[in-house]
Amino acid sequence: MIVVEELSIRTASGALLLAPISLRVPSGGILGLRGPSGCGKSTLMRALVGQVPVGTTATGSVRVGEHAVLALEPDVLQRFRRQRIAFVGQDPGVALNPTMRVRSLLGELADPQRALEALAAVELPRSYLRRRSAELSGGEQRRIALARALARHTPVLVLDEPLAGLHGRLRSAVVRLLRDRAERDGTTIVVSGHDDAVLRELADEQIMIGAAAPGVRYDRPSARGVPERSAEDAGVLTLSNITVTIGRQRVLDGIDLRVAAGESVAVTGPSGAGKSTLARAVVGLRTPATGSIRANGRIALVPQDGTGSLNPRRTVAEALGRPLLRQRGVRDATAIAELLRTVELNPELAHRYPHELSGGQRQRVALARSLALDPAVLVCDEVTAALDPGTAEAIMTLLDGLRRDRGLALLVITHDMNLVTRYCARMCVLESGRIVESGAVADLLAAPTHDATLALLG
């Protein structure tokens with residue numbers, strides 16, 4: 001069904017976005033793609049649907065069924081994408097019209113019954129048909145994008161990190177769903193991911209793209225080494241009885257939370273529990289209906305969507321220059337280079353555009369932009385969800401170092417319980433907008449009492 005022969009993609013400056021690669025996927029087969037961030041997985045997957053970045057040169061060939069994809073005329077390519085292949089990108093929220101209701105997003109691609117079946121397949125209730133895309137969490141947007149792809153019943157599915165940001169039990173359900181599509185319907189699936197165990201369960205075959213990431217020595221984080229603080233200095237960030245309503249729905253209900261300077265607190269819970277809404281409320285992007293938020297210093301957000309949060313028309317230097325000028329009154333090359341070094345990026349990347357960076361590099365740029373504001377609190381919303389393990393650990397080790405060295409308070413929104421165990425001292429578990437469990441990480445993981453916590457553990 002899919003044959004790729006010596007495909008290679010380079011930028012106009014000669015930078016290699018995808019090293020030469022060949023692969024074959026039989027009809028009804030599932031191929032898993034692995035590799036470090038920046039190796040070209042997303043570039044390869046977009047090439048399967050005929051999307052090659054503007055200004056780049058592709059050599060080699062891509063064949064899907066009877067179609068030589070890279071040679072198709074625009075009208076034929078559009079028909080091919082509509083009838084033969086469905087693609088879900090790494091940042092699915094970007095592809096969903098924020099003003100449209102889920103009913104319309106699904107209805108434009110399939111008959112009503114198929115739309116309902118697809119919604120049920122990703123474990124979302126019928127009531128979500130009335131919701132707008134902008135009202136959904138990142139995990140819910142990912143599930144809607146997957147439901148749209150499933151509802152089309154195309155012969156080929158190309159899924160870039162479809163399991164990122166989903167809790168353990170839902171990940172297992174999606175794996176079973178995709179295997180059933182391949183075995184029952186003969187759907188050919190190409191899927192990328194960083195969880196080796198999950199890909200082994202899902203895929204018939206895995207291939208590694210790009211060279212192995214160079215070895216990096218990581219110091220053991222000391223997340224639990226935060227000294228005891230008195231009640232007077234314990235609240236660099238304090239949330240009291242926060243309630244947020246979107247439309248007629250109460251998304252957050254009675255949230256109380258405190259984060260101290262130099263402390264890392266995790267907020268976990270299943271998709272749709274209200275985690276991203278909480279993050280937006282903390283940084284002022286959502287106005288609570290009740291309650292108060294007090295911070296001793298500036299609060300900055302590092303969003304989960306590194307691609308969507310960076311203006312594609314602005315270089316890295318321009319993206320960093322604006323907050324530097326606002327906060328520090330400077331935006332010269334020296335200040336920009338210093339910021340890039342802080343997040344362990346080469347200052348030479350300052351002149352690149354977001355599409356010329358890997359996922360891990362874009363996430364570091366987003367982090368650098370937040371640090372330009374000299375925040376006292378950093379809200380990290382699923383910042384490692386779509387990164388390979390080595391890059392994710394490097395990002396978290398960097399954040400942990402900033403926490404220790406600068407006394408930065410971290411509010412970490414995540415599904416990754418390994419990340420929580422290593423880097424956070426306390427955690428709160430959200431379900432349906434309420435905190436259902438909270439306390440020391442070790443205590444909650446050793447003896448979870450609520451079903452939402454058990455679901456996170458898979």
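In strand 4 of this predicted model, Ser-61 is the bridge partner of Glu-5, and this pair belongs to a run of seven bridges through which strand 1 and strand 4 are joined in the antiparallel sense. The two strands are part of an open sheet of four strands, ordered 2-1-4-5 and paired antiparallel, while another open sheet has five strands in the order 6-7-8-3-9, with parallel pairing. Helix 1 packs on the four-stranded sheet and also on the five-stranded sheet.

- Strand 4 and strand 5 are paired in the antiparallel sense over two bridges, and His-67 in strand 5 is the bridge partner of Val-64.
- These two strands, strand 4 and strand 5, form a hairpin with two residues between them, and in its turn Gly-65 has a positive phi of about 60 degrees.

- Strand 7 (residues 156-159) runs parallel to strand 8 (residues 188-192) and is joined to it by four bridges, with Val-156 standing opposite Thr-188 in strand 8.
- Helix 1 (residues 41-48) packs on this sheet as well, where it touches strand 3 (30-34), strand 6, strand 7 and strand 8, and its direction makes about 155 degrees with that of strand 8.

**Pairings of strand 17**

- Strand 12 (residues 264-268) is paired with strand 17 (residues 426-431) in the parallel sense over four bridges, and Cys-428 in strand 17 is the bridge partner of Val-267.
- Strand 17 also pairs with strand 18 (residues 434-440), here in the antiparallel sense and over six bridges, with Met-427 standing opposite Gly-439 in strand 18.
- The hairpin of strand 17 and strand 18 has two residues between the strands, and Ser-432 takes a positive phi near 50 degrees in it.

**Helix pairs**

- The axes of helix 5 (residues 138-152) and helix 6 (residues 168-185) come within 13 Å and cross at roughly 10 degrees; angles under 35 degrees count as roughly parallel, and helix 5 and helix 6 are therefore roughly parallel to each other.
- Helix 5 contributes Arg-143, Leu-146 and Leu-150 to this contact, and helix 6 contributes Leu-170, Val-174, Leu-177, Leu-178 and Arg-181, a set of residues that divides into six nonpolar, no polar and two charged.
- The axes of helix 9 (residues 316-328) and helix 10 (residues 333-342) come within 10 Å and cross at roughly 105 degrees; angles of 65 to 115 degrees count as roughly perpendicular, and helix 9 and helix 10 are therefore roughly perpendicular to each other.
- On the side of helix 9 the contact is made by Val-316, Ala-317, Leu-320, Leu-324 and Arg-328, and on the side of helix 10 by Ala-335, Ile-336, Leu-339 and Leu-340, which together divide into eight nonpolar residues, no polar ones and one charged.

**Aromatic rings**

- A search of the whole structure for aromatic pairs finds zero of them.
- Arg-131 lies over the face of Tyr-128, at 4.7 Å from the ring centre.

Key:
Residues numbered from 1 in each chain as written. Predicted model: local features only at pLDDT ≥ 70, side-chain atom pairs only at ≥ 80, totals over all residues. Heavy atoms only, no water. Axes fitted to C-alpha atoms, helices over the stretch in contact; angles between N-to-C directions. Parallel < 35°, antiparallel > 145°, perpendicular 65-115°, else oblique. Contact = heavy atoms within 4.5 Å. Nonpolar A, V, L, I, M, F, W, Y, C, P; charged D, E, K, R; others polar. Phe/Tyr/Trp six-rings, centres within 6.5 Å; stacked < 30°, edge-to-face > 60°. Lys NZ or Arg CZ within 6 Å of the ring centre and 35° of its normal. Pairing = 2+ DSSP bridges.
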